[in-house]
Amino acid sequence: MPSLHVLFLVVQAATSQSPRLAALKQEVVTDVASRAQFTQQMVDQIFSFAELGFQETETSRYLVDLLRKNGFTVREGIAGIPTAWVATWGAGKPVISLGSDIDDIPQASQKPGVACHAPMIEGAPGHGEGHNSGQAVNITAALAVKKILEREHLPGTIQIWPGVAEELVGTKAYFVRDGLFKDVDLVLFSHVDDNLSTSWGDVSGNGLVSVLYSFQGRSAHAAGAPWRGRSALDAVELMNIGWNYRREHLRLQQRSHYVIPDGGDQPNVVPPTASVWYYLRELDYPHIQEMFALADTIARAAAMMTSTTLLPPKILGSAWPGHFNKVIAETMYENIKQVGLPEWTDADQKLAKALQRDLGVADSGLATKLDTLRPALKPNERTGGGSDDIGDVSWNLPTVTLRFPSNIPRLPGHNWANAISMATPIAHKGATAGAKVMAMTILDFVMRPELVTQAWDYFRNVQTKDIRYQPLIRQQDRPAIELNRDVMARYRPEMRKFYYDPKKYRTYLDQLGITYPTERAADGSCAGGATP
Ligand SMILES: [Zn+2]
């Protein structure tokens, strides 16, 4: 077996790392590890705030304070979005931008560390996507790197920003339009997952437009004079029926779904207003626009059938399908291999397996084998799926997403189950692993300027050779900052009682008095014992 020293030299040669860079990376990894409690507090704090898109006021206030205390200059309210901000530290090139989402999921309230459905507050939002962990990854990495850049007098600027309202794909196109990335060299985005990984090329998922169709009718007594009314709800229902028939004749790669935010007030009043909210997803810009045009046609037809008026369709969000940079992904993956997956304890695995069994999926537990670097998908391998507005960023400058292992495999997504691990040692260790990779990758690009050049070469000459970014948002569109206001106002007073207090409790699990892990009781009940 070769000695460790020889292995070290091999790694160094393979990645053309200087001994100085290798030593600084070693140092930054140790430093990130020493900040594990700081990372854990951020993860737990944001988990406890549990705020829906556009209403992340506590989360943003907390992060802005923390970044200011650590020497960052923060500009708030960017792109006309109250909870959006950008924090900057350093000087000179490269400018490296770190982003991660912060919003959560409606009705996903869940006690952490409990392997069955146990809401903290019935009906309240919760981090059922795990967006409470990414800022901890980015900020921990940034502070560890900052310490080194200061001491070594290295040039470089670090920018940090939140993905506000990602679940509504509501902001990143506006960040682009507002010029947030104008002088930035590359974006390192982080997102929770159940493994430590990254990828390059086209993502398998879709882009989308999120559109609100509102109809105006005429109210009347629904029994006394129904012939005098014109039901806006009828228009909504006929639009949905039309769409559901037409859907069969759309490409298999499309995904479309809707909810009815306004379906009228009460049955004895013919609904004078009604609206339906569609997510229209496809693989690329032309196909998304084609779907949007088709939905418009069906909406107009529904208005004609019901003698109601279709109001101008309102875009509430949008996303380009992502395409990630080969050079950054390959550089990052070398660091992923060095960091590896966290060491899971028996308690971690017990929670994961108990939850998997509770959901009726194979109880494979937590990931113990590192994902490979997925090569670019071929066009026929793209079958459609979810969306993330990091796609808009990725078509404006070299970008990758680092996926870090803070969650449990085989979960449904956008669900209470996805919140269970998110304030437990699984999330904490996953975030620390992610922060190590992030910090090492920042150092790579700070100390090897040729990598920045190569990343831009791929961006200009491969990725955008034939495809040019055109925003899906129109000139007249504005961020839909009013969304979720009412829901958050309804639940926030009760949720406040559960905010994490790190001065009193080491972890959020301690504060809630939850035994880790808690499984479903023998009598089938699911408790967990969370008290404010
Ligand atoms: Zn997400």
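Guide: Contact means heavy atoms within 4.5 Å of each other. The model shown here is predicted. With that cut-off, the buried residues of helix 14 pack against helix 3 (36-49) and helix 4 (57-69).

Visitor: Which residues of helix 14 are buried?

Guide: In helix 14, Met 488, Tyr 491, Arg 492 and Met 495 are buried. The word is used for a relative accessible area under 20%.

Visitor: Why are the buried residues of helix 14 said to line one face?

Guide: Looking down the axis of helix 14, the buried residues fall within an arc of 130°, so they line one face of the helix. The face turned away from that buried side carries Asp 486, Ala 489 and Arg 490, which are exposed. Exposed is the word for values over 50%.

Visitor: How does the reach of helix 14 compare with what is expected at 1.5 Å a residue?

Guide: Helix 14 covers residues 485-496, 12 residues in total. From its first C-alpha to its last it reaches 16 Å, close to the expected 16 Å.

Visitor: What makes the buried residues of helix 13 a single face?

Guide: The buried residues of helix 13 are Leu 451, Val 452, Ala 455, Trp 456, Tyr 458, Phe 459 and Gln 463. Seen down the axis of helix 13, they fall within an arc of 150°, so they line one face. On the other side of helix 13, Pro 449, Thr 453, Arg 460 and Val 462 are exposed. The partners of the buried residues of helix 13 include strand 5, helix 9 (326-339) and helix 12.

Visitor: Where does helix 12 lie?

Guide: Helix 12 (residues 425-447) lies across strand 3 (95-101), strand 5 (186-193) and strand 13, and runs at about 150° to strand 13.

Visitor: What is the order of the strands in the open sheet?

Guide: Six strands form the open sheet, in the order 1-2-4-3-5-13, with mixed pairing.

Visitor: Why are strand 1 and strand 13 called edges?

Guide: Strand 1 (73-76) and strand 13 (399-405) each have a single partner strand, so one side of each is left without a neighbour in the sheet. The twist averages 20° from one strand to the next.

Visitor: How many bridges join strand 2 to strand 4?

Guide: Five bridges join strand 2 (residues 85-91) to strand 4 (residues 156-163), and the two run antiparallel. Two strands count as paired if there are at least two bridges between them, so this pair qualifies. Within it, Gly 90 stands opposite Thr 157 in strand 4.

Visitor: What makes strand 11 mostly covered?

Guide: Of the six residues of strand 11 (residues 314-319), five are buried. Strand 11 pairs with strand 7 (residues 207-216) in the antiparallel sense over five bridges. The bridge partner of Leu 208 in strand 11 is Ala 319.

Visitor: Why does Ser 210 count as buried?

Guide: The relative accessibility of Ser 210 is 0%, and the limit is under 20%, so the word applies. Ser 210 is in strand 7. Beyond its neighbours within four places in sequence, Ser 210 is in contact with residues including Trp 277, Tyr 279 and Leu 316.

Visitor: Why does Thr 83 count as buried?

Guide: Thr 83 has 2% relative accessibility, so it also falls under the 20% limit. Thr 83 is in the loop between strand 1 and strand 2. Leaving aside its neighbours within four places, its contacts include Phe 54, Ser 60 and Pro 162.

Visitor: Which residues coordinate the zinc ion?

Guide: Glu 129 (OE), His 131 (NE2) and His 191 (NE2) coordinate the zinc ion at 2.0 to 2.1 Å. A donor has to be within 2.8 Å of such a metal, so these atoms count. Along the chain, the donors follow the spacing E-x1-H-x59-H.

Visitor: What makes His 131 and His 191 a link between distant parts of the chain?

Guide: His 131 is in the loop between strand 3 and helix 5 (134-152), His 191 is in strand 5, and they are 60 residues apart. Both His 131 and His 191 are buried.

Terms used. Residues are numbered from 1 along each chain as its sequence is written. This is a predicted model: local features need pLDDT of at least 70, side-chain atom pairs count only at pLDDT 80 or more; totals for chains, interfaces and linings use all residues. Side-chain values use heavy atoms; hydrogens and water are left out. Helices (H or I, at least four residues) and strands (E, at least two) are DSSP runs, numbered from the N terminus. The expected span of a helix is 1.5 Å times one less than its number of residues. Buried means under 20% relative accessible area, exposed over 50%, partly exposed in between (1.4 Å probe, protein chains only). The arc is that of the directions from the helix axis to the C-beta atoms. Axes are lines fitted to C-alpha atoms, for helices over the stretch in contact, and angles run from 0 to 180 degrees between N-to-C directions. Donors are N, O and S atoms within 2.8 Å of the metal (3.2 Å for Na, K and Ca); water is not among the atoms, so sites may look incomplete.
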